[in-house]
Amino acid sequence: MFHSAAFVVLASACVVFGAPQGAYYAPTTANTTPIPIVAQTQELNLDGSYQYSYQTGNGISAGESGYLKNPGTEAEGQVAQGYYLYTGPDGVVYQVEYYSDAENGFVAKGAHLPTPPPLPEALVRANELAYKNAAADAGQYDERGFPINTAKRY
């Protein structure tokens, strides 16, 4: 008896919670006007380099170029740099320039993008000291992490 009552409650819950939570009607016509591409270039090279750009009829434009850095080595990686610009809903033209590689990641610059405050001088000195100690320690430890010889500490 208990099993059949539990089954009825579970089945009811599935019906209630599985039902659509609101009416959705797919649009019957497109509500947007197509925006033309007024200029477009594209170049793909066998060495892994490339370049593309485009401009639309509503003022959006973008471009990017890139190449393969250190091909055939363990340090092989893609480098890309480019830009995009558009007019925001507030009427202001926003432009972003960017650079991306394995060492720096994605770095974007634009007049409207926030920038971090400068690092306090004490933190800059601490970072420099950490880098000096890491350089002094390089090659001073075996594969188990034990010191091979004494490293000069700063």
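Predicted model: local features only at pLDDT ≥ 70, side-chain atom pairs only at ≥ 80, totals over all residues.

Trainee: OK, back to the strands. How many bridges join β2 and β3?
Mentor: Six, in the antiparallel sense, with β2 covering residues 50-56. Two strands count as paired if DSSP finds at least two bridges between them.

Trainee: And what's the strand order in the whole sheet?
Mentor: It's an open sheet of six strands, β1-β2-β3-β4-β5-β6, with antiparallel pairing. β1 and β6 are at the edges with a single partner strand each, so one side of each has no neighbour in the sheet. From one strand to the next the twist averages 10 degrees; the axes are lines fitted to C-alpha atoms, for helices over the stretch in contact, and angles between N-to-C directions run from 0 to 180 degrees.

Trainee: Let's pick a residue in β4. Is Val-79 buried or exposed?
Mentor: Buried, because its relative accessibility is 2%. The cut-offs are under 20% relative accessible area for buried, over 50% for exposed and partly exposed in between, with a 1.4 Å probe and protein chains only. Val-79 lies in β4, residues 77-87.

Trainee: What does Val-79 touch?
Mentor: Leaving out residues up to four places away in sequence, Val-79 touches Ser-65, Gly-66, Tyr-67, Lys-69, Tyr-99, Ser-100 and Asp-101. Contact means heavy atoms within 4.5 Å.

Trainee: And Val-93, buried or exposed?
Mentor: Val-93 counts as exposed, because its relative accessibility is 53%. That residue is in β5, and beyond its neighbours within four places in sequence it contacts Leu-85, Tyr-86 and Thr-87.

Trainee: Tyr-86 again on my list, from the surface. Which residues make the nonpolar patch?
Mentor: Ile-37, Tyr-54, Ile-60, Tyr-84 and Tyr-86, with an area of about 420 Å². Patch residues have over 30% relative accessible area and no salt bridge; like charges are joined within 9 Å, and nonpolar side chains (Val, Leu, Ile, Met, Phe, Trp, Tyr) within 5 Å. The areas come from the Shrake-Rupley method with a 1.4 Å probe, and for residues only the protein chains shown count as cover.

Trainee: Where does Ile-37 sit?
Mentor: In β1, residues 37-44. Ile-37 is partly exposed, at 48% relative accessible area.

Trainee: Switching to charges: how many salt bridges are there?
Mentor: Two, taking a salt bridge as a side-chain nitrogen of Lys or Arg within 4 Å of a carboxyl oxygen of Asp or Glu. One joins Lys-69 and Glu-103 at 3.1 Å, N to O. That pair links distant parts of the chain, 34 residues apart: Lys-69 is in β3 and Glu-103 in the loop between β5 and β6.

Trainee: How exposed are those two?
Mentor: Lys-69 is partly exposed at 27% relative accessibility, and Glu-103 is exposed at 53%.

Trainee: And the Arg-125 one, which residue does it meet?
Mentor: Glu-121, at 4.0 Å, N to O. Both lie in helix α2 (residues 121-137), four residues apart, about one turn of the helix.

Key. Residues numbered from 1 in each chain as written. Heavy atoms only, no water. Helix = DSSP H or I, 4+ residues; strand = E, 2+ residues; numbered from the N terminus.
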